[in-house]
Amino acid sequence: MRLKTSLLQEPKHNELVSCVWWTTADELFSCSEDHQILKWNLLTTETTPVIKLPEDIYPIDLHFFPKTIGGKNQNQNEIFVLTSTDGKFHLVSKLGRIEKSVEAHKGAVLAGRWNHDGTALVTAGEDGQIKIWSKSGMLRSTLASQGSAVYSVAWGPDSDRILYTSGRQLVIKPLQPSAKVIQWKAHDGIILRVDWNSVNDLILSGAEDCKYKVWNGFGHLLSSSSLCDYPITSLSWAPDGEVFSVGSFNSLRLCDKTGWSHALEKPKTGSIFSLAWSADGTQLAGACGNGHVIFAHVVEQHWEWKNFEVTLTKRRTMQVRNVTNNAVDILEFRDRVIKASLAYGHLVVATSLQCYIYNTRNWNTPIIFELKEGTVSLILQAGKLVLLVDGAGLYIFSYEGRFISSPKFPGMRATILNAQSISLSNDTVAIRDKTDEKAIFLFEALTGKALRDGKPLIHKLEVVEVALDQCGPSTERKIALIDKNRDLYVTSVHHLGREPKICKAGSMVHNLAWNDAANILCGVQDKQLNLWHYPSVVFTDKDLLPKTQHIKDGSEFSHTSHILRFVGNTVALRQGDGSLMYSNVPPYPALLHEYSSSARWEDTLRLCRFAKDQSLWACLAGMAMANRELTTAEMAYAAIGEFQKVKYINFIKEQPSKASSLGHILLFSGQVQEAEAALLQAGLLYQAIKVNMDLFNWERALELAVKHKTHVDTVLAYRTKYLKTFGREETSKRFLQYADAVEVDWEKIQAKIEMEMTKERENAANASVRTSTVSRR
């Protein structure tokens, strides 16, 4: 990935260019100390004067009113704010008319920025003050006042916090007066520029110490550059938060979000004082000290999937290489490429006007359909579906180009969705709510209908990443999530009755990915690559989870390693230094998933005996119990030395009826309430009461006995025996009450239990006879 730059032979401005900003993907405004504001048309390569400013106005910063708010174009986006050295900011129409000039600061107004929804404007001045204004230019508040000049300012992702410079320090100040202010020393020189991306919630800073740094929203350093040749005079995030640009004297750099520098250009521009990305993230413009405006676009982006490599060679051209036979195909597009994705045997390319879907078996005849907007910010793929996100919303299509659905929920902001906050499978879409990051909304992919009656899945902490598994029936769909504490949890998308169990599967997990062909999960955990061969085991037997893991330890992994994809038996990671790394994983777990999903239990046993791997036997034990294959489960548990569980499985197999066996299988999995409900539904009252007694849930056992008017004496007898064993006296008022009223006779109790067990066996035998008679007919 690199930048392809272009400069005119002669500059259009006579003096230093102080700021630039895109109005559309092909139109740019530039301001200069020659008092001119010029409009650049990239389609016709023409420049036209917009306004000649008065001689006493030297422009410093320029920012257009947000173009889209709530997915609708606003008329006010024809307005931009212009800050200047005379202590004023000016609201200027796109046609060049100064609508309003406001006395804002003593000394120059060094920065002015609209918030993301266009309801407020922040200005920072040479006088050290930061002020909040209404969109009509009325002063709302003075947010901060300090002794040194504030050179740069940025809004937080939710427009509820302001980031500003204070000498060598960075300050995050919430708009609420009582909220905590975060302040830290960020550089060894005066900080000149900051930017805060609303998609990835990361902060950029550049200073006179010739370094640029990446921070998270809590002020923790994520990346620091090596020493550059000159002070950092400009920087800017691309809209999707995947890359950023850094400007300095005769220097323009392209980096990814981890801080790794992909390309460095050395144009003859002087210092670059301002950088701006177009809304589609494909083009970059810079304001240069020698009067030039430099333009650049990103080329040589790279995508891989199995034996295919796709490279963006030009703005409208891609090269596809099949590495197995070295065959090369060239793909030409009518418009410039904005986004692309390669997975599941399909290449999806979004241009400024159209979407192209190629099948990897045929590169000649793509499916093409028109796009509503030309600002696709994210493409996600599943086995049968593709999801596109633009400024107006998200849209699901089939690989035949047919529109499927458009899930949405109240308050959804499509512009801030990224690959960590949204996940797609063949039947489900999961979206983390930005306004409440503990909430995850779930939708049916094929209809766009909200699951769980529109109620979100609520986690106890803020969620930073969500991922849906890709295989198996929709009824067994699982979702993995990482919360703010970097703990990994797994839960079910579909559930019956009460809230689904959210089970913890790991700690210090920095990012994760599901396999494309089997429900195997991998994640970077501390400095290890961890594979959960069967994460669903947390719902069947949580004790097996550590035994189903495979850990690849090594110094090459770090918390900055990012998983790009998990395809087949290979995990692709981007390291903190920008290098690509491939890690092979054992092929047997995927094969085990395939056999178990098709109920080939004899093959699973043969595979485990061949591989002689304890983790594989543990996976099989969990899979067999989940599918109620008790004989296979018994052999698998025996292979890993879990003899107590083998004994309990034998006890389950000896149960007289299927209902009784089901209840004890649920109990084996820790689903006590479900086990009790299943036994009660089958009319096995004694079994339900006995389950609670075995678990020492005495109050619940007595409650059931009293409610159904049976076995009250049984509960009292076993309770008395239990207390006698431990030398304790009865203290429960309820048990004392019934002990006085009910006579306990062990012989009668044993006879009653035996009679019920006999009746259960007879009912089970009769049911079996009826079933076999019906099948013969």
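Predicted model: local features only at pLDDT ≥ 70, side-chain atom pairs only at ≥ 80, totals over all residues.
Trainee: Which residues touch the most other members of the largest nonpolar core?
Mentor: A nonpolar core is a set of buried Ala, Val, Leu, Ile, Met, Phe, Trp, Tyr and Cys residues joined through side-chain atoms within 4.5 Å. Buried means under 20% relative accessible area, exposed over 50%, and partly exposed in between, with a 1.4 Å probe and protein chains only. Of the 43 residues in this core, the ones to look for are L488, L592, L620, M625 and Y637.

Trainee: And which helix gives the largest share of this core?
Mentor: Helices are DSSP runs of H or I with at least four residues, strands are runs of E with at least two, and both are numbered from the N terminus. The largest share is nine residues, and it comes from helix 3 (residues 614-626).

Trainee: What covers the buried residues of helix 4?
Mentor: Helix 4 spans residues 630-639, and its buried residues are L630, T632, A633, E634, A636 and Y637. Y637 is in contact (heavy atoms within 4.5 Å) with A621, M625 and F668, among others beyond four places in sequence. The cover for the helix includes helix 2 (601-611), helix 3, helix 5 (643-653) and helix 6 (658-668).

Trainee: Which strands stand at the edges of the open sheet of four strands?
Mentor: Two strands pair if DSSP finds at least two bridges between them. The order here is 12-13-14-15, with antiparallel pairing. Each edge strand has a single partner, so one side of it is left without a neighbour in the sheet; these are strand 12 (109-114) and strand 15 (139-145).

Trainee: What is the bridge partner of G112 in strand 13?
Mentor: Strand 12 pairs with strand 13 (residues 120-125) in the antiparallel sense, over five bridges. For G112, the partner in strand 13 is T123.

Trainee: How many disulfides are there?
Mentor: A disulfide is a pair of cysteine sulfur atoms within 2.5 Å. Take C619, which is buried at 1% relative accessibility: its sulfur is 8.1 Å from the closest cysteine sulfur, in C608, so that's too far for a bond. The count of disulfides comes to zero.

Definitions and conventions
Residues numbered from 1 in each chain as written. Heavy atoms only, no water.
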